[in-house]
Amino acid sequence: MQAGWGGRWQRLDAALCLPLCVTVALMGALCIEVLCLLLWAAEPTQLPLALHLPLLLFLLANVLGNMGLFVTTSPSIKGVMLSESAVGQGWEYCYTCQSHVPPRCLHCYTCNVCMLRRDHHCVLLGQCVGYHNYRYFLCLLLHGWVALLYASLLNADIFMDLLHEGVTLHSIVLLLMPWLMLLTGQVNTLTFIYAFMADTCVVSFLFCSGFLFLHVLLSLRGQTTREWFGKSRCYDLGWRRNLQEALGDRWHLVWLCPLLASPLPGNGLAFESRALRTEPSTKAVIF
Ligand SMILES: [Zn+2]
Ligand SMILES: [Zn+2]
């Protein structure tokens, strides 16, 4: 059971908001830079602006929508009906939360609460990735990856301009440490901004590519990051069922729109496994 909107926004305390604000600020700067490139680039791109804008709006709406829903959908056990009668194999006791917790549920020491089917804590967005928000996390990675690929291709001309004198020490330091070049007066502010944004695009794209590849693989194998490290595949039900368990009944459509309804087949408390079949309970007590 997901928390209501009131409960969702309570999660946005100051400490967890800081990384989110930095991420949003970088995203905003990147969007402005891409728009500037499209509108005022010296050499216009092959595609007309009328084709770029719908693509940009689609990506932006999906990135912002999935990010908003990811951050405000907590997979924590707060407000979740935990069944005492279901406590059995796979359940553990969390001394910090002082509660029995279901299989695959882990305590997050940043959020200070146990998370259902916890994957990891996303430092960039200040939220845990778990049972209720995995769909938004994966779609955010997918659309973020496409957007960063797009921005990196648009920035390719800037890279070429920065390297117009060939691969020299000056150009290498400019690309690797643009701040240093600005502070030592080697480049002007405009060159620094171009180098910084081009760097941000490429580094973010490589970072996003690695995460997307890993999480697509984990989704197909029905694993969390911790289970992957532990080489456990006991919840692997085949790629189609695994995607349904992680992304919901309409797993093949969720990438189109974050608001598209795709109910999860389970409740995050019991998971079907290859070795053991468990049934979701009906008797409940409130945590
Ligand atoms: Zn706990
Ligand atoms: Zn967390």
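Let me start with Cys108: this residue is buried, because its relative accessible area is 1%. Buried means under 20% relative accessible area, exposed over 50%, and partly exposed in between, with a 1.4 Å probe and protein chains only.

A word on the source. This is a predicted model, where local features need pLDDT of at least 70, side-chain atom pairs count only at pLDDT 80 or more, and totals for chains, interfaces and linings use all residues. Residues are numbered from 1 along each chain as its sequence is written, chains are lettered from A and ligands numbered from 1 in the order in which they are written, and side-chain values use heavy atoms, without hydrogens and water.

Donors here are N, O and S atoms within 2.8 Å of the metal, or 3.2 Å for Na, K and Ca; water is not among the atoms, so sites may look incomplete. Cys111 counts as buried too, at 15% relative accessibility.

Now the geometry. The cut-off: four donors count as tetrahedral if all angles lie between 85 and 135 degrees. The ideal angle for four tetrahedral donors is 109.5 degrees.

Next, the zinc ion (ligand 1). Its protein donors are Cys94 (SG), Cys97 (SG), His107 (ND1) and Cys114 (SG), 2.1 to 2.3 Å away. Angles among the 4 donor atoms run from 103 to 118 degrees, and the site is tetrahedral. The donor spacing reads C-x2-C-x9-H-x6-C. His107 is buried at 11% relative accessibility. Cys114 is buried at 1%.

On to the helices. H4 (residues 134–154) and H8 (residues 189–221) have axes that come within 9 Å and cross at roughly 145 degrees. Axes are lines fitted to C-alpha atoms, for helices over the stretch in contact, with angles from 0 to 180 degrees between N-to-C directions. Residues making the contact include Phe137, Trp145 and Leu148 of H4, and Phe205, Phe211 and His215 of H8. Contact means heavy atoms within 4.5 Å.

Last, the whole chain. It has 10 helices and 8 strands. Those are DSSP runs, numbered from the N terminus: helices are H or I, at least four residues, and strands are E, at least two. Of the 287 residues, 43% count as buried.

How values were computed
Four donors count as tetrahedral if all angles lie between 85 and 135 degrees; four count as square planar and six as octahedral if opposite donors are over 155 degrees apart and all others between 65 and 115; anything else is irregular.
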